[in-house]
Amino acid sequence: MSAPTATAEAAPMSKRQTLEALSGLLLVLFVAMLSGTVVSTALPKIIGALNGSQTQYTWVVTATLLTATATTPIWGKLADLFNKKLLIQVAIVVFLAGSAAAGFAQNAGQLIGARAFQGIGVGGLQALVQVAIAAMIPPRERGRYNGYLGGVMALATVGGPLLGGLMVDTSWLGWRWCFFVGVPVAVIALILLQLTLHLPTARRDNVKIDYLGATLIAAGVSVLLIWISFVDGSFAWLSWQTVAMVGGAVLLLALATWVEARAAEPVVPLDIVRERTTALAILGSLAVGMAMFGGAVFLGQYFQIGRGYSPTEAGLLTIPMMAGVLLSSIVAGRLITASGRIKPYIVAGSIILVAGFALLGTIDHETSLVLVGAAMFIVGVGVGMTMQNLVLAVQNTVALKDIGAASSSVAFFRSLGGTIGVSVLGAVLARRVTDRIIHDLAAAGFPTSGGGGSSNLNITALPAPVEHIVRAAYGDATGHIFLISAAIAVVGIIAALLLKPVTLRSSLDLPDTGRSVAVAADAVDGAPAFDEVTVDPATRDPARR
C-alpha cells in the first residue's frame, strides 16, 4: 500500500493543475510579503502616532523577523511529516490572528507583541510555499516559474508601500488598516488552496518531532538577537549583560547542535546542512538576507524622514527596486530553465547586489533621486537573481522527502541574516542619528539632553529648525548603513563562487532516494517507474528516459 502513495506524491502534475495550484500558493506568498511591505512606508507615521522611539521602530520589523526565523525550520520539518496543505492553512490562520491583533494595538509595545505572533505565521508561509512548489515542479523547470514568484514579489513590494502610504494619508482609513487589509486576501487564499492544491501525503508511522531541538534553536536565536538590539544602547559592548546574553546564546545553540546530531527527526538535519551546496547556499542566503532586509527596510524611513516625502510618495519612489526584481527574476528564470545552469546567475546576482548597495552607500539627504532610483534598481536586479535561486540550488541536491527541511534551512538562515541585519543596522542608524542630532543642536545653540538612542520619531511636532536638523541626520546616516550592507553582501559573492557547477535535474526526485520498493512494485505491474520519467522543459509533457 505504501508504494502507490510514494508514487502519487512524486507524480508530475499537468501544466493546468500546476498553474491552478500555483495561483493559491502565490496568493499566500503575496499575503506574507504584504504584511511586511505594507507597513514599510507607513511605519514612521505609525510609530509617531504611538509616540514610539527609533528602537521600537526597529523592533516592529525585528519582532516579525525574529519569530519567523525561529519557527521556519519547525514548519519545514513538519512539512516532511504531515499534510503540506493543512500546514499552510494553519499558518494562514496564525497570520490572520496576528494581523488583527496588530491592527488593534494601542501602543508600540502591543504592536511589537502582535507582530511577533504574526511572524510565527509568516515563518510558516515563507517555508511551506517553497516546499509545496518543490513538490509540484522539477528543479529544471522551476526556473520558468520564478518569473511568477518575481511578479508576486514585485507586486507585494511595490503595491504594499503604495497601499500603506495611501492608508495612512487617508483620514477615514488610517494606519490600522495596514494590518487589517491582509485579512480578506488571506481568507481568499484559504479558500483557493482548499480547491486547487492537492499534494498527497506519504503517511509515516512513529513520527517523532524534535521539540527540544526546536526550543533550543528558537531560544538561542532569540537571545542573540535581543542582545544585538540593545547592545551599545542600553548597555556597553564589554559588560556583564553582554557576557550573559552572548554566552547564553552560544550555549543554547551548542546544545541545539548536540541535540540535532542525535535526534531521530531533527528540525535542522545536520547531514543536509553540511552538504557543500547547502552550506554555501546558507552562507550566501545569510549574507543576502542581512544586506537586503537590513538595508531595504530603512528606505521608507529615508524617503519620509530624511527627504520629507509623504508615505504614498515614498512608496512610489521604491518602484525602481521592484522593477529590477521583476525583470531579473523573469529573465534569469527562463535562462536557467533553458540551460539548466544556475551558478552563473547566482554569481552575477551577488556581484550586482554588492554594486547596488555600494552605490546606495553614497546617498545623503540631498542626493539626486535619479541616482537613488538607479541604485535601487541595481539592488533589485541582484535580489531577483540570487534569493530564489539559492533555494533552488539546494532543492536540486536533496531528495523529495527532505525538501521541507532543506528549503526551510535556507529560509531560516536568510531570515536570521535579515533579522540580524535589521537589528545591527537599526542600532547603528539610531546611534549615528542621535550623535548627529546632539552635535548639530549644540552647534545651532539649542539645549540638548544627550538622551541616547531614544529619539522620538514624531518629528512633525518639532520646531522647523530642529525638524531640519533631524531630517538631515536621518538622510545622511542612511548612506552609512548601506555601505555596511555592501560589505556584508561580499560574503555572498564568495559563497556563490564556491558553488559547484551543476545542471538542474528534470525529475521531481533524485534517482536514488530509497524509492526502490515503489519502483519495483511499478515495474512488476508493468508501469513505468517514476525515476525513469523526466519532464520536457519546453512542452511540460512527461516522457520516459
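The protein as a whole has a mean pLDDT of 76, with 81% of its residues at 70 or more. Over residues 513-545 the pLDDT is below 50, and this stretch has 56 contacts beyond near neighbours in sequence, a contact being heavy atoms within 4.5 Å. Residues 450-455 also stay under 50, with 12 contacts beyond four places in sequence. Where pLDDT is low, the predicted coordinates should not be read in detail.

Helix α19 (residues 403-443) packs with helix α20 (residues 464-498) at about 145°, their axes 8 Å apart. Here axes are lines fitted to C-alpha atoms over the stretch in contact, and angles between N-to-C directions run from 0 to 180 degrees.

Turning to a single side chain, Lys85 belongs to helix α5 (residues 84-103). Lys85 is buried, at 14% relative accessible area (buried is under 20%, exposed over 50%, partly exposed in between, with a 1.4 Å probe and protein chains only). Beyond four places in sequence, Lys85 is in contact with Leu193, Gln194, Leu197 and His198. A polar atom of the Lys85 side chain lies 3.4 Å from the backbone oxygen of Gln194.

Residues are numbered from 1 along each chain as its sequence is written, and side-chain values use heavy atoms, leaving out hydrogens and water. As the model is predicted, local features need pLDDT of at least 70 and side-chain atom pairs count only at pLDDT 80 or more, while totals for chains, interfaces and linings use all residues.

Terms used: Helix = DSSP H or I, 4+ residues; strand = E, 2+ residues; numbered from the N terminus. pLDDT = per-residue confidence, 0-100. Polar contact = N/O pair within 3.5 Å; in protein donor to acceptor, adjacent residues only side chain to side chain.
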